[in-house]
Every structure is written in C-alpha cells, then in structure tokens.
Amino acid sequence: MKKYNIAVVGATGMVGRTFLKVLEEIKLPVENYYLMASAKSAGKKIEFMGKEYVVEELCENSFDKDIDIALFSAGGSTSEKFAPIAASKGVVVIDNSSAWRMDPEVPLVVPEVNPDDIKWNKGIIANPNCSTIQAMVALKPLHDKYKIKRVVYSTYQAVSGAGLAGYQDLENGLKGEAPKKFPHPIAGNCLPHIDSFLPNGYTKEEMKMVNETRKILGDDSIRITATTVRVPVFDSHSESINVEFYNDFDLDELKGVLASAPGIIIKDDPENNVYPLALDAAGTNETYVGRIRRDESVDSGVNLWVVADNIRKGAATNAVQIAQKLIEIWNEQ
C-alpha cells in the first residue's frame, strides 16, 4: 500500500495536540509526519507515534518538501496566508479555521454526510464549525428521508471551544478569579455570546451554523435560526435541535434512521435517565443523540438532543477522517 506524508500545522495548540492523539488512534498509511507551528513554539519536542519530533517553524518554504496532506489548526490569518502556498505545491490542506468555509471553490466536509465533496477540492478542504459538525451528523440522514423545512438551533457550548484561554477562564473562575477571555464570568454562568455580534443581532457563531448547514446539506431553501450559548462545561458541546420536515414521519422509524446512520450513538431511554451527556461524550469521536420526541406544536416536527466532543469530532477527528477519506479516494484512482 502506498504511504503518504502528512504535516500538522499548529501542532502545539489544543486542537493540534488532539490531531496527534487521533492520528495515533486512526492509523493512516503514513511514511513521514512533519509537525509545524509558529516561531514561538518552534523547537519544542513532542512525543508522537513512539518517536520524538521537533516542531518546525511554519514558513513559506515549509511545503517545499514532499507532503501530501496538511492538517491546519493555526487560526484564520495563518490559513489565509499559508494554505494557498501549500496548495500551490500540490499539498491538500484540510483547514480547521473559518477562513475558507464559505468559499464556493472549497468543499466544506463532514465525512459521514458529504464525503463526495472531497473529490472536487482544488487543494483546500474546509472543516466546518464544531457546533455545525455534530448537528450535520444527526440531520443529514433525516434530511435525506423526510426533507428538512426548518431548523431551530440552541447550543450549550463548552469553554474548550474558546481555546486554552477559555478553559483557563472556567478553571480560574471556579477559584473566584476574574475572567480574561470572556466578557463576563463563565463559572456559574451562561453567556449567550459566542464570537462577535453582527449588524443583524446574531453572532458570527450563530450565522456560521445557519450558512454552513445550508452549504453542507446543499439546500439554500432550509429556514434556520440559531442561538449559541457558552456554558460552564470544560469539554463537549450540547445542542437542542428542533426540526420541522416537509414529510410526515413515524417516530420509531425516525429513531431507526438515526440509529443506522454512520457516526451516531443513540442514548434515548429517559425513563432510566439515559440521554447524551457532555461528560460521557468527552474524549470520544462519536455523535450522541437522545431526547428524541415529536414536536407537538407543528404537523411534522421533532426535537433532538445532540452531544459531541467539540475538540475531537468538532475539530480534530473530523479533519483526520477527511484525510482518511481522501487517501481512500486516491487509492481507488
């Protein structure tokens, strides 16, 4: 079997280190790994795959060597600068920032949902927003079966989604210290404010969910609204998703559609207090769905509770799974 060379850009960050964990779990046919980061982190040593790697400084010449895939998690401005450079050298970039997601020339991919979109990449593939990814895993099989008319998202997002500084704000806030990352204390609090506010009153995070959902499902007619909330949880995003369909459904059949869909684990036994929990999802790669019940206020609606680890499935795992699919496509050619 042909082996490939993979670069991890932003290897010392929260998502970058999770890239490495997931790569150790999902064994890809790789000859060489190259770990890259900013000048500040260059020279650091990281234990990975039983070897010690020295982190290289990311620069314009970093992709002059033989690299097939580059996993980027180094921020939007870094991706805007370096992803085109990498792509020009024949590297396929899988980018975790928001820089390329809505570019019509760039596929936005969740492997369980739209893997065929990988095939039309022109050197850059975008990883969706963390809160969008887990929603798509749950909604795609339902859209295929019943056709979605409208979605109402209400999210309860972990502080790790704001990076290490967000994590530290909760840790320090529990000790009574003032916040440094968030505009208000997060300990014992909920902040209906993720990313910056836009002129329409929504936040960027909320509009990401609206726009990315339509792009991934390939349907601009879906009516979508979202409220995204930061909650005092370290890891894993939870989402209440209300869906209205054009077609009626049998609830047991709908549950079966979800249960047979890739990447989903059903936890839906409320009589025994079984439903998806952030604590249970943390450290795993699956999307958990429960509290599945008919919305009795409309003719054909359902409520779902969807939980996933935002650093894994919401970022690193999804990117590595894209790389896995990409290699499969190459090997079939």
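This is a predicted model: local features need pLDDT of at least 70, side-chain atom pairs count only at pLDDT 80 or more; totals for chains, interfaces and linings use all residues.

Q: How do strands of a sheet pair?
A: They pair through backbone hydrogen bonds, in either a parallel or an antiparallel sense. Here six strands form an open sheet in the order 5-2-1-6-7-8, and the pairing is parallel.

Q: Which are the edge strands?
A: An edge strand pairs on one side only, and here these are strand 5 (56-57) and strand 8 (124-126). Strand 5 is joined to strand 2 (residues 30-37) by two bridges in the parallel sense.

Q: Which strands does helix 2 lie across, and which does helix 8?
A: Helix 2 (residues 76-88) lies across strand 6 (69-72), strand 7 (92-95) and strand 8, at about 155 degrees to strand 7. Helix 8 (residues 312-332) lies across strand 1 (4-9), strand 6, strand 7 and strand 8, and runs at about 165 degrees to strand 6.

Q: How many residues are in the largest nonpolar core?
A: That core has 55 residues, and those with the most contacts inside it include Phe 63, Met 136, Leu 139 and Tyr 153. Helix 3 (residues 130-146) gives the largest share, eight residues. Another core, of 36 residues, lies apart from it, with Ile 6, Ile 26, Val 55 and Ile 329 among its members.

Q: What is Tyr 153 in contact with?
A: Leaving aside neighbours within four places in sequence, the contacts of Tyr 153 include Ala 135, Met 136, Leu 139, Met 209, Ile 224 and Ile 241.

Conventions. Residues are numbered from 1 along each chain as its sequence is written. Side-chain values use heavy atoms; hydrogens and water are left out. A nonpolar core is a set of buried Ala, Val, Leu, Ile, Met, Phe, Trp, Tyr and Cys residues joined through side-chain atoms within 4.5 Å. Buried means under 20% relative accessible area, exposed over 50%, partly exposed in between (1.4 Å probe, protein chains only). Helices (H or I, at least four residues) and strands (E, at least two) are DSSP runs, numbered from the N terminus. Contact means heavy atoms within 4.5 Å. Two strands pair if DSSP finds at least two bridges between them. Axes are lines fitted to C-alpha atoms, for helices over the stretch in contact, and angles run from 0 to 180 degrees between N-to-C directions.
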